[in-house]
Amino acid sequence: MDPKSQGLELNADERVDVLEFIYNLGVEMKVDVMNDLSNYQSKQGYFAKQFISENSLITEPVKWWKFIDHISPLSKVEVRILTALCTSAATERAFSTFSWIHSKKRNRLTTERAEKLTYLSYNWKLKNKKVKFPKI
C-alpha cells in the first residue's frame, strides 16, 4: 500500500483480493473504509497524485499513512497491515506446546481436547510470563 505506486504492480485479481482483505479488516476493526478505498482506487482527494507529491518528503509508507491518520479512517487499517510482524515464531511455539501435550504417553487425547489444553497452556504461559527489567 505504497501511496506512490498505489497498487500499479498488482494485476486485477490481486487488486480485488487486496481490497477485499482491507475491507474485511476494516469491518473487524470497526472502521468504515469504503469511501477511502473508493478514493484510493480513483486517486481522488488525499490519494491524488498532487497531494502525494506535495507530501513527497515522507518516503516510507507507514510514516505517510500515520501522517494522514487524522483525515483518513483507512490509515488505521493500513498502519496495522504495514506494521504486522512477518514471522512464524508464535505458530512454532503453539505447535511446540501441542506436541508437548499430545505426546506418546498422551496419544489417546482427542483432537478437540488436545486443542483446548494447548490453548490453555499457551495462553497461561503468556499471561503469567514474568518480565524482568534490568535495574539502572
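Leaving aside neighbours within four places in sequence, L74 is in contact (heavy atoms within 4.5 Å) with I22, V33, D36, L37, F47 and W65. The model is predicted: local features need pLDDT of at least 70, side-chain atom pairs count only at pLDDT 80 or more, and totals for chains, interfaces and linings use all residues. Residues are numbered from 1 along each chain as its sequence is written, and side-chain values use heavy atoms, without hydrogens or water.

L74 also belongs to the largest nonpolar core, which has 13 residues. Such a core is a set of buried Ala, Val, Leu, Ile, Met, Phe, Trp, Tyr and Cys residues joined through side-chain atoms within 4.5 Å. V33, F47, W65, L74 and V77 touch the most other members. Two or more residues each come from α1, α2 (34-42), α4 (61-67) and α5 (74-82). The largest share, 3 residues, is from α5.

The protein chain has 7 helices and 0 strands. Helices (H or I, at least four residues) and strands (E, at least two) are DSSP runs, numbered from the N terminus. Of the 136 residues, 24% are buried. Buried means under 20% relative accessible area, exposed over 50%, and partly exposed in between (1.4 Å probe, protein chains only). Among contacts between residues at least 6 apart in sequence, 50% join residues at least 24 apart.

Y23 lies in helix α1 (residues 12-28). Y23 counts as partly exposed because its relative accessibility is 36%.
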